Amino acid sequence: MTLWRIRATVDDRPGYLSVLTASLALRGVNILTVQVQPTEQGAVDDFLVDAPDTLDEAGLIAAVERGRGRDCWVARSEARGLADQPTRVLGLANRLVRDPDATGEALRTLLGADSVTWRPASTGIDRGITDAAMTLADPAGGSFALRRAAPAFTPAEYARAQALVELAATVARRAAEQVTLVLPDGVEVAVRPGCADDLSGVLELHEACSPRSRQRRYPGGAVPPQARLRRLLEPGRGLTLVATTTGADGTAESVVAMANLLGEGDEAEVALLVRDDWQRRGLGSALLRRLLRHADAAGYAALVLHVQATNDPMLRTLHRLGRPGSVERDGGLLTLTVPLALAVTSDRRGVASTPGF
C-alpha cells in the first residue's frame with residue numbers, strides 16, 4: 001500500500017462527498033483523513049489515502065473524476081502526513097514561541113509552499129490568494145509572499161497562515177518589550193508587560209505575599225478573585241508590568257512583583273505589589289519609574305495613588321521619584337497626585353511646582 005494526498009473540488013450538495021468516497025473505495029483506496037475547505041467554487045476536499053501499489057496517479061485521478069470530483073491534484077505522501085492538521089499547526093506554533101524568526105520556514109512547512117519571501121513594504125500590496133500565490137500581512141511590518149505550483153491555495157489555508165504570522169509577531173513583540181533590570185544588590189529581574197497567560201503566576205504571587213503586604217495593596221488584604229486579576233493583567237486602558245525571576249537551576253520563572261497603571265480620563269491610577277522577600281531591594285522603585293515613563297509618553301496629566309498613611313515603604317518609593325505632588329488625607333488613607341507633562345513643563349519654565357509629599 002502507498003500513501004497519497006488527493007485534493008479535489010466537489011459540488012457542495014448533499015451526497016456528493018459520499019459519491020467520491022465510494023468511487024475511491026471501489027478501487028481499494030482507504031481514506032485515512034479528510035479535510036473539507038469551503039470555497040466559492042465548491043468544497044475542496046483534502047484526503048490522505050492509503051492506496052494499492054498497483055494504483056498509480058492516473059488511476060487515482062480517474063477514480064476521483066468518476067466520483068464527480070474536479071480540479072484533481074494528486075501527490076505521494078510520507079508517514080509524517082499521518083499527523084492531523086491541528087497537531088501539525090500546534091507543533092509549528094510551539095516552534096514559533098521558541099523562535100519567532102522561523103516564521104518563513106513554518107509557513108513553508110504548514111502549506112508545502114515552493115517559496116516564501118519576506119518583503120519590507122506592507123502598503124500598496126494586495127493581500128490574499130490568487131491560485132498559486134498568497135500574500136500575508138506581517139504585523140511587525142512588511143509582508144510574506146508565498147508561491148505553490150499546485151494545488152491552489154484555499155481561503156482556509158490563508159486564514160491558518162495569517163494566524164501563524166500574527167502569533168510569531170506577538171511573540172517577537174513580547175520579547176522586544178521585555179527588559180532585564182539589575183537591582184542594586186546585583187540580582188537580575190526580567191520585566192515585561194503582563195498578559196492573560198500570567199494569571200497563574202500572579203495568583204501565586206498574591207498567595208505568597210504576607211497579609212500585611214496584601215493589605216497595603218487591597219482593602220481587606222484578601223486575594224482578589226481571578227476575574228479581577230485577569231482584568232488587572234489586561235486593562236482596557238493602561239499597562240500592567242510583571243517582574244519575573246528564573247531559578248539558578250533553570251526552574252520555571254516566578255512572578256515576584258506586579259505593577260498596575262490603570263487609565264481613567266486624563267489620569268492614571270498606579271498600584272504595586274512586591275513579594276515580601278523582594279521588598280527593600282529597589283524593585284518597586286524601578287517598576288514605578290517605568291510606569292511613570294509610560295504614563296508620560298501616553299499623555300496622561302497625572303498619576304494617582306491611594307496609599308495607607310502607615311505604608312512607609314511606598315511613601316519612600318514615591319519620594320525617590322523626585323516628582324512633586326499633592327496629598328489629600330481621608331482618615332488613614334492618603335491620595336497622592338503626581339502631575340506629569342504639565343508639571344514637567346512648568347518646572348522647566350521656572351514656575352513654582354505643587355507642594356511635595
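Ala257 stands opposite Val274 of strand E13, a pairing that opens the description of this predicted model. Strand E12 (residues 254–264) and E13 run antiparallel to each other and are paired over eight bridges; two strands count as paired if DSSP finds at least two bridges between them.

E13 and strand E14 (residues 302–308) pair in the parallel sense, over three bridges. From E13 the chain crosses through helix H9 (residues 283–298) to reach E14, and this β-α-β crossover is right-handed, meaning that the path from the first strand over the helix to the second runs clockwise when the strands point away from the viewer. Strand E13 (residues 267–274) is mostly covered, with six of its eight residues buried. The burial classes are set by relative accessible area: buried under 20%, exposed over 50% and partly exposed in between, with a 1.4 Å probe and protein chains only.

For the reader's bookkeeping, residues are numbered from 1 along each chain as its sequence is written. Local features need pLDDT of at least 70 and side-chain atom pairs count only at pLDDT 80 or more, while totals for chains, interfaces and linings use all residues, and side-chain values use heavy atoms, with hydrogens and water left out.

Turning to charged pairs, a search of the whole structure finds ten salt bridges, each defined as a side-chain nitrogen of Lys or Arg within 4 Å of a carboxyl oxygen of Asp or Glu. One of them joins the side chains of Glu157 and Arg7 at 3.0 Å, N to O. Because Glu157 lies in helix H5 and Arg7 in strand E1 (residues 2–10), this pair ties together parts that are 150 residues apart in sequence. Glu157 counts as buried at 5% relative accessibility, and Arg7 counts as buried at 4%.

Another salt bridge links Asp277 with Arg275, where the closest N and O atoms are 2.8 Å apart. Asp277 counts as partly exposed at 45% relative accessibility, whereas Arg275, at 19%, counts as buried. Arg323 forms a salt bridge with Asp296, and the closest N and O atoms are 2.8 Å apart. This pair links distant parts of the chain, 27 residues apart: Arg323 is in the loop between helix H10 (312–320) and strand E15 (326–330), and Asp296 is in helix H9. Arg323 is partly exposed at 22%, and Asp296 is partly exposed at 24%.

Leaving aside residues up to four places away in sequence, Gln162 touches Leu136 and Ala137, where contact means heavy atoms within 4.5 Å.

Finally, Leu17 lies in helix H1 (residues 16–25) and, at 33% relative accessibility, counts as partly exposed.

Conventions. Helix = DSSP H or I, 4+ residues; strand = E, 2+ residues; numbered from the N terminus.
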